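Subject: Structure handover

Hello,

Please find the structure below.

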Amino acid sequence: MSEIESRIVEGFADTKLVVHCMGEASGRPLVLLHGLFSSAHVNWIKYGNAQILVDAGFRLYMPDLRAHGESEAPHDPRAYPEDVLVEDLKSIIAELELKDYDLGGFSLGSRTSARGVLAGLAPRRLILAGMGLSGLSGWARRSAHFVDAIDRFGSIERGDPAFVAQAFMKTMKIDREAARLLLGSVDDTAPSELARITMPTLCVCGADDEDNGKAQELADALPDGHYAETPGNHMSSVTFKEMGRAMVEFLLD
């Protein structure tokens, strides 16, 4: 596996964010955002998809979102204003001095990437993985599911819809107080806003993943949307190298 370098970037309210970098410095810049309760390592590096992209000539920048991975997890509610992850993303791109780059995310990372574009970011190409149309517009319902898992943490039994979220939080050693604050900062994206996402956009999703709605519907709603199906469900799709290969095919097309 290629060497991984890590650097610290200050996000909103001076929160220290760790950005993991892979690939030759001369490679094409690609910023990748992970999903909720995950990390750059689990989402992109551990199962080989980051290496697939590096081998295709990309220089990867993979931040751990605030309250995740190696980044700070402040408990001050003032550190979680509306769209704070978008503010962090803008700070990272500015600090890295990226001008011509591609941007992608998985699940929460997809929401953040889409809202980043709506806030003025202009990647050449965009990847929204593990995301459907209703997932962007129906965040309140999805967020309530995870807040419930946090509030009932430790008492959720197998068979309960929140059991998987509880198990993943345990595995990832999530700071639940910080995560709860973060969940309240994420906004819905109305379908009418998607007309402003004009760059070529890949909606790649596991065949058994409809946690955030149907990815094909999202691709159809975008001005230049493209759909790719890969194996797996919402939890497992990032473990299949088909996801990385679909991303490479799209980015190099």
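Predicted model: local features only at pLDDT ≥ 70, side-chain atom pairs only at ≥ 80, totals over all residues.

Strand β3 (residues 28-33) and strand β5 (residues 102-106) run parallel and are joined by 4 bridges. Strands here are DSSP E runs of at least two residues, helices are H or I runs of at least four, and both are numbered from the N terminus. Two strands count as paired if DSSP finds at least two bridges between them.

Residues are numbered from 1 along each chain as its sequence is written, and side-chain values use heavy atoms, with hydrogens and water left out.

β3 also pairs with strand β4 (residues 58-63), again in the parallel sense, over 4 bridges. There the bridge partner of R28 is F58, in β4. Because 5 of its 6 residues are buried, β3 is largely enclosed by the rest of the structure. Buried means under 20% relative accessible area, exposed means over 50%, and partly exposed lies in between (1.4 Å probe, protein chains only).

Next, helix α7 (residues 163-172). Its buried residues are F163, A165, Q166, F168, M169 and M172. They pack against α1 (40-45), α6 and α8, where contact means heavy atoms within 4.5 Å. Just after α7, K173 takes a positive phi of about 55 degrees.

On to the charged pairs. Side chains of opposite charge can pair when their charged atoms come close. A salt bridge is taken as a side-chain nitrogen of Lys or Arg within 4 Å of a carboxyl oxygen of Asp or Glu, and by this rule the count is 15.

R152 takes part in two of the pairs described here. With D148, the closest N and O atoms are 2.9 Å apart; with D160, the N to O distance is 3.1 Å. R152 is partly exposed, at a relative accessible area of 28%. Elsewhere, salt bridges that share partners join R28, D100, D102 and R124 into one network.

D151 and R180 also meet in a salt bridge, 2.8 Å from N to O. This pair links distant parts of the chain, with D151 in helix α6 (residues 139-151) and R180 in helix α8 (residues 176-183), 29 residues apart. D151 is partly exposed at 48% relative accessibility, and R180 is partly exposed at 40%.

Last, the cysteines. How many disulfides are there? With a disulfide defined as a pair of cysteine sulfur atoms within 2.5 Å, the count is 0. C205 is buried at 2% relative accessibility, and C21 is buried at 3%.

Regards
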